[in-house]
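Dear colleague,

Please read them alongside the coordinates.

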Amino acid sequence: MAKQLITPRAQNFPQWYQDIIAHAPDLYDESPVTGCITFGSLATKLWANIKQYMDSRLRELGVENIMLPTLIPESFFQREKEHVEGFAPEVAVVTHAGGTKLPEPYFIRPTSELLFVDWYTRSGRVQSHRDLPLLVNQWCSVMRWEKRPRAFLRTTEFHWQEGHCLFPTQDQCREFTLKILDLYADLSENFLAIPVIKGEKAEHERFPGATGTFTIEGMMQDGKALQMGTSHMLSQNFLLGADGKPMVSFLNEKEEQTVPYYDSWGASTRLLGALFMTHGDDDGIVLPPNVAPVQCTILPIFGSDAAENEKVLKAARDLAVSISKSTTIYPVHGRANGFEETSGECTVRIDARETRLGDKTFHQIRMGTPIRIELGARDLAENSCMIKSRIRTRDEAVKCSLSKTPQAVTDMLKKDQETLFARALEKRNKNIAEPKDFAALKTALEEGMWALVAWDGTKETVEKLKAETSGGTYRCFAFDGKEDAKGVLDPVSGKQSAFAKRIYVAKAY
RNA sequence: CGGGGUGUAGCUUAGUUGGUAAAGCGCCAGGCUGGGGGUCUGGAGACCCAGGGUUCGAGUCCCUGCACCCCGACCA
């Protein structure tokens, strides 16, 4: 019985990550295109859930969705020098179409600032101060020819949302940019159960063309940082042409032509990578109940008596209906036929395949399903079932009467969501050091920790940090309002801090 | 784009000094089988990455490509 094993985290973290995502049924497949993956039904549902959560928050803020083209005319790229230099190396170009060479090549969008700016004027949406703020977003995929792809964390084509908003004043723009950062943090912490640090990127880490970049950073189980979403203040940078003349302007209350302030913000399918890396264990991925496409799977236990099996299956269906509070049960054709699902307050799946319980159990473990319920003829005779959680030990299995099961499941889902967040938070907080000197900083990074330090603000120090700690980077300035870096020495250079706030240092994905 | 590695069945791999392919998992059929991948029997499945070359004969030896993976630099 040679099992397909998952490399333990402690032994080789990158291999472990590859193993758990590879073993999760229907999560993803490699594709024929370099660095691109096929999102399986599980990944697609996870992304759909994230999208739904975020979309409803965005609607509360008044953001509308639109959809722009995938291609950008090459000439657009001549407008924003810094932006072009930032993205040119990783852009794919379409030179031929319709069997002939195109007069002007099209770039496959790596991000859509240039198209949004065009749309603002083309659509006539920005003419008066009454048109502002203009709050729009799009869900799409973009393409960046990165040197080193990693499934979910950095794929050549990735799916994301990109919001592009205009405001009459800089203050309003900044306020909204930060509001989105809060939204990202809320999504991450309350939905994905991943604690994040909110902060501002140092100048050298800014989005090309931005005047300010704000980020949420999560700590993965190996202590590396992952940038999970960014919100950029672009100010008027994309709205002025190469000649300095406004490309977008509106008439304000005083009847003056005015250039608005622009922000853009995005979060991508990298969030799924963060999810797996944060919560996964040596048995596979673990999905927090709030994002999980299926909260609970009922595993009927079948014997050799067909009539008994029929009764067990019927009881499983009744139980699924009462847990999910939905009467519709429909078949699901996944890796094999024999699954059924209900939707409602929570999604309950029945694994009615005629395989052994061990197979069904393992399938669910590898898929990260929060709760399993085992139900056989003997349980049925006692009007009970066994409830097991993905994140609890087998000793913690609960025997529960069928009538009380729906409430027990609801309670367990809520508790497990909290537990996952609390675990990750505790681990994160334990792993942030405040080193006094460079030696202590090096040690902290070697041990997979982050460090909160003062920084002298120089490029030399950035280089020195990276070179002498094998990849340490400045992640973001602490966002907690504390100004405790004044007069403090930078542990890397030994010089005075150039900023009022301290900055987080970590190795990163 | 530098450094290293690997291409043989759906997956993981074995293939001796060159003689036209093997195992485990998975899959299909059928037994026995109730709680973390059970077991027995039978079966299907591979122009050995591509193109050249050496040879009576190449998965194996020699060139040349291509692809993928890992470690760095770049990034959501």
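Asparagine 383 lies in the loop between helix H9 (377–381) and strand E20 (384–389), where helices (H or I, at least four residues) and strands (E, at least two) are DSSP runs numbered from the N terminus. This is a predicted model, in which local features need pLDDT of at least 70 and side-chain atom pairs count only at pLDDT 80 or more, while totals for chains, interfaces and linings use all residues. Residues are numbered from 1 along each chain as its sequence is written, and chains are lettered from A and ligands numbered from 1 in the order in which they are written.

Most residues other than glycine have a negative phi, and most peptide bonds are trans. Asparagine 383, however, has a positive phi near 60 degrees, and it is exposed, with 10 other C-beta atoms within 10 Å (exposed means 12 or fewer such atoms, buried 20 or more, and partly exposed in between, with C-beta atoms placed from the backbone). Alanine 193, in the loop between helix H5 (170–191) and E9, also has a positive phi, of about 60 degrees, but is buried, with 26 other C-beta atoms within 10 Å.

Within helix H4 (residues 113–122), the buried residues are Glu113, Leu114, Leu115, Phe116, Val117 and Tyr120, and just after H4 glycine 124 takes a positive phi of about 70 degrees.

Best regards
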